[in-house]
Amino acid sequence: MSSASARVATPLAGRYLTQLCKHFEHKLTVTHGEGAGEIAFSSGSCRLRAEADALLLEVQADTAEETGRLQDVVARHLGRFAFRAPLEIVWQRG
């Protein structure tokens with residue numbers, strides 16, 4: 001198993017978590033509730049957690065290549081939602 005995580009500083013963490021989950025739930029299995037969510041992709045998953053000042057992301061897949069793809073997908077979509085105030089997403093391999 002391969003994984004990567006990121007702590008994205010933003011006061012809008014809950015809003016972005018909800019936007020990501022609602023965006024993907026049209027095509028994927030998504031669970032989300034108060035301050036947390038999970039998106040099940042065909043190649044792995046992304047867990048999200050909102051804190052007061054940051055959105056925590058963790059992607060997990062069978063291979064490092066698939067994990068890299070999930071990192072890219074999640075970062076691109078989050079970037080689209082945060083276009084007014086671009087976010088810095090720095091992934092750490094786990």
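**Pairing, packing and burial**

Mentor: Strand 4 and strand 5 (residues 54–61) pair in the antiparallel sense, over seven bridges. This is a predicted model, in which local features need pLDDT of at least 70 and side-chain atom pairs count only at pLDDT 80 or more, while totals for chains, interfaces and linings use all residues. Residues are numbered from 1 along each chain as its sequence is written, and side-chain values use heavy atoms, with hydrogens and water left out.

Trainee: What makes strand 4 and strand 5 a pair?

Mentor: Two strands pair if DSSP finds at least two bridges between them. The elements themselves are DSSP runs numbered from the N terminus: helices are H or I with at least four residues, strands E with at least two.

Trainee: How do you know that strand 3 is paired, and with which strands?

Mentor: Strand 3 is joined to strand 2 by five antiparallel bridges and to strand 4 by six, also antiparallel. Among the bridge partners are His32 with Gly37 and Glu38 with Arg47 of strand 4.

Trainee: Why do strand 2 and strand 6 stand at the edges of the sheet?

Mentor: The open sheet has six strands in the order 2-3-4-5-1-6, with antiparallel pairing. Strand 2 (29–33) and strand 6 (92–93) each have a single partner strand, so one side of each lacks a neighbour in the sheet.

Trainee: Why is Ser45 called buried, and what does Ser45 touch?

Mentor: Buried means under 20% relative accessible area, exposed over 50%, and partly exposed in between, with a 1.4 Å probe and protein chains only. Ser45, in strand 4 (residues 44–50), has 14% relative accessibility and therefore counts as buried. Contact requires heavy atoms within 4.5 Å. Neighbours within four places in sequence aside, Ser45 is in contact with Glu38, Ile39, Glu58, Val59, Gln60 and Leu70.

Trainee: How do you know on which side of helix 2 the buried residues lie?

Mentor: The buried residues of helix 2 are Thr67, Leu70, Gln71, Val73, Val74, His77 and Leu78. Their arc around the axis is only 170°, which puts them on the same side of helix 2. The arc is that of the directions from the helix axis to the C-beta atoms. An α-helix has 3.6 residues a turn, so residues three or four places apart point the same way.

Trainee: What is the expected reach of helix 2?

Mentor: The expected span is 1.5 Å times one less than the number of residues. Helix 2 has 18 residues and reaches 26 Å from first to last C-alpha, close to the 26 Å expected.

Trainee: What makes Phe24 and Phe41 an aromatic pair, and of which kind?

Mentor: Rings of Phe, Tyr and Trp (its six-membered ring) pair if their centres lie within 6.5 Å; planes under 30 degrees apart count as stacked, over 60 as edge-to-face and the rest as tilted. The count by this rule is one aromatic pair. Phe24 and Phe41 are 5.2 Å apart, centre to centre, with 75° between the planes, and are edge-to-face. The pair links helix 1 to strand 3, 17 residues apart.
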